[in-house]
Amino acid sequence: MKTTLANARQNLEDALPGLSDWQAREARQVLADADARAKSCAEEYIAAREAEVRAARDEALRELTAVRDGMDALTSEGSTGRISAEDYSTTLNGLVARQFAAEERLNRAEEKVGLIEQIEADPVAWYDSMSQRIPHLLMELPL
Amino acid sequence: MPKRAERLKTLIHSARKTADATQKAMLRAEDRLTELEDRDARRQAREPK
């Protein structure tokens, strides 16, 4: 039947007293194989999220560096007295908007790191939670 | 042991240092804007009406 791995594990524990050694060994092997498939799936998911985090972080870092340099250049230009406060303000506002957008990108990347950390801590539990939301992920297990 | 997450946290942390430097640059730029606004206001006050 289609079930979560946690349910299958519980079913196995409940059935163990009535199983022969051979049956118990077979059932444990089925569960171990299912765990391995779940971990493999989690690993693929983590790899994809990791690539997204790295790309977002690199992009945010590039943008923050460019904005920092732009702000330093603007501050220097402001000291020459050749720029009006209005023009200076317009340029600064544009840089600040870019700064906030880059920081937001970094925040979202950090949230994904939190998710990756959770999955790494217990990939089978993650798989179970996903399969409860996406039923076709439920495994067909004779347990 | 969440190794990937730890590596990514380190990367994010280094980017946060740049974000902090950018924030400081922004504060310096805002201070300069205040100076420019004061300068422009003084100029306007000196102009004949």
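This is a predicted model: local features need pLDDT of at least 70, side-chain atom pairs count only at pLDDT 80 or more; totals for chains, interfaces and linings use all residues.
For chain B, the mean pLDDT is 93, with 96% of its residues reaching 70 or more.

Let me begin with chain B, which has one helix and zero strands, and whose C-alpha atoms fill a box of roughly 75 × 10 × 10 Å when taken along the principal axes. Of the 49 residues in chain B, 22% count as buried. How does chain B meet chain A? On the chain B side 21 residues are in contact, and on the chain A side 33. If we sort the residues on the side of chain B that touches chain A, we find 13 nonpolar, two polar and six charged.

That brings me to the largest nonpolar core, which has 37 residues, and in which the residues touching the most other members are Ala60(A), Leu64(A), Met71(A), Leu106(A), Ala109(A), Val113(A) and Ala15(B). At least two residues of this core come from each of α1 (5–15), α2 (21–80), α3 (85–121) and α4 (123–133) of chain A, and likewise from α1 (3–46) of chain B. The most is given by α2(A), with twelve residues. To take one member in detail, Leu64(A) touches Gln99(A) and Ala102(A) in its own chain, and Ala15(B), Thr18(B), Ala19(B) and Thr22(B) in the other, leaving aside residues up to four places away in sequence.

Now to the packing of α2(A) against α4(A), where the two axes come within 8 Å and cross at roughly 85°. Because angles of 65 to 115 degrees count as roughly perpendicular, that is how α2(A) lies relative to α4(A). From α2(A), Asp35(A), Ala38(A), Lys39(A), Cys41(A) and Ala42(A) take part, and they meet Pro123(A), Val124(A), Trp126(A) and Tyr127(A) of α4(A). The residues of this contact divide into seven nonpolar, no polar and two charged.

Notes. Residues are numbered from 1 along each chain as its sequence is written. Chains are lettered from A and ligands numbered from 1 in the order in which they are written. Two residues are in contact if their C-beta atoms, placed from the backbone, lie within 7 Å. Ala, Val, Leu, Ile, Met, Phe, Trp, Tyr, Cys and Pro count as nonpolar, Asp, Glu, Lys and Arg as charged, and the others, Gly among them, as polar. A nonpolar core is a set of buried Ala, Val, Leu, Ile, Met, Phe, Trp, Tyr and Cys residues joined through C-beta atoms within 7 Å. A residue is buried if 20 or more other C-beta atoms lie within 10 Å of its own, exposed if 12 or fewer, and partly exposed in between; C-beta atoms are placed from the backbone. Helices (H or I, at least four residues) and strands (E, at least two) are DSSP runs, numbered from the N terminus. Axes are lines fitted to C-alpha atoms, for helices over the stretch in contact, and angles run from 0 to 180 degrees between N-to-C directions. Angles under 35 degrees count as roughly parallel, over 145 as roughly antiparallel, 65 to 115 as roughly perpendicular and the rest as oblique. pLDDT is the predictor's confidence in each residue, from 0 to 100.
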